[in-house]
Amino acid sequence: MSVDADAYRAAMSRWATGVTIVTSRSGDTIHGMTVSDFCGVSLEPPLVAVCADKTANTHKLIEQGRVFAANVLTADQQALSNKFASKKEEFQRFDGLDCPTAVTGAPLIPGALVSFDCRVVAAHDAGDHVIWVGRVEEIVSGEGEPLLYFGGAYAGLAG
Ligand SMILES: Cc1cc2nc3c(=O)[nH]c(=O)nc-3n(C[C@H](O)[C@H](O)[C@H](O)COP(=O)(O)O)c2cc1C
């Protein structure tokens, strides 16, 4: 017995998440995309994971560069989330952004709630996605309220 794609999508939309922009670098090339499939994995050593569609440009760049940064967005960064998810002008996403780097060279999104700068330690094939596991080399903390995603729409913290 199997579940069809619509049922799967509808069920997963009931899982509330934060929103990240996952960036990568290989040489002089940088890229990034909006990702909600991010999680903490291990404390010792410090590991996080992101799930990337195998067709995504960002996935291919992580494959080449073996680094990524997961930048957790704040409630007022919804426009950035849309920009990094849109295929319109997909290679102009960093225009107007002045992105610092930390240890790995992956771009950090300015104003993010927190950024995890990671070096890839494992890649797990998972259907049409790859689970990239990164060792956290640096944490850069910001401030603000988180941007949330639920039921196919953005949300904020209640109360
Ligand atoms: C809220 C939100 C969450 C998303 N989460 C993911 C995700 O976890 N993994 C993924 O591969 N794509 C995710 N996407 C889709 C990508 O951001 C989108 O396909 C993007 O255009 C890929 O860019 P690229 O091919 O230039 O790397 C998400 C989009 C939105 C709006």
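**Salt bridges and pockets**

Student: Is D125 buried or exposed?

Tutor: D125 is exposed, because its relative accessible area is 62%, where exposed means over 50%, buried under 20% and partly exposed in between, with a 1.4 Å probe and protein chains only. The model is predicted, so local features need pLDDT of at least 70 and side-chain atom pairs pLDDT 80 or more, while totals for chains, interfaces and linings use all residues. Residues are numbered from 1 along each chain as its sequence is written, and side-chain values use heavy atoms, without hydrogens and water.

Student: Which residue does D125 form a salt bridge with?

Tutor: K54, with the closest N and O atoms 2.7 Å apart. The cut-off is a side-chain nitrogen of Lys or Arg within 4 Å of a carboxyl oxygen of Asp or Glu. K54 sits in the loop between β5 and α2 and D125 in strand β7 (residues 114–126), so the pair ties together parts 71 residues apart in sequence. Helices here are DSSP runs of H or I with at least four residues, and strands are runs of E with at least two.

Student: And K54, how exposed is that one?

Tutor: K54 is partly exposed, at 30% relative accessible area.

Student: Why do such side chains pair at all?

Tutor: Opposite charges can pair when the charged atoms come close.

Student: How many salt bridges are there?

Tutor: Four. One of them joins R119 and E137, at 3.7 Å from N to O. That pair links distant parts of the chain, with R119 in strand β7 and E137 in strand β8, 18 residues apart. R119 is partly exposed at 35%, and E137 is partly exposed at 32%.

Student: What about K87?

Tutor: K87 forms a salt bridge with E90, the closest N and O atoms being 3.6 Å apart. K87 counts as exposed, at 56% relative accessibility.

Student: New topic. Which residues line the second largest pocket?

Tutor: E90 is in that lining, together with T29, I30, H31, N57, K60, L61, Q64, F91, Q92, R93 and F94. A pocket is an open set of 1 Å grid points where a 1.4 Å probe fits, with protein on both sides within 12 Å along at least five of seven lines, and lining residues have an atom within 4 Å of a point.

Student: Which element gives the largest share of that lining?

Tutor: α2, with four residues. Both β3 and α2 (57–65) supply at least two.

Student: And how many residues line the largest pocket?

Tutor: The lining has 28 residues, and M12, S36, D37, H129 and Y149 lie nearest the centre. Among the elements that each supply at least two lining residues are α1 (5–12), β4 (38–42) and β8 (129–141).
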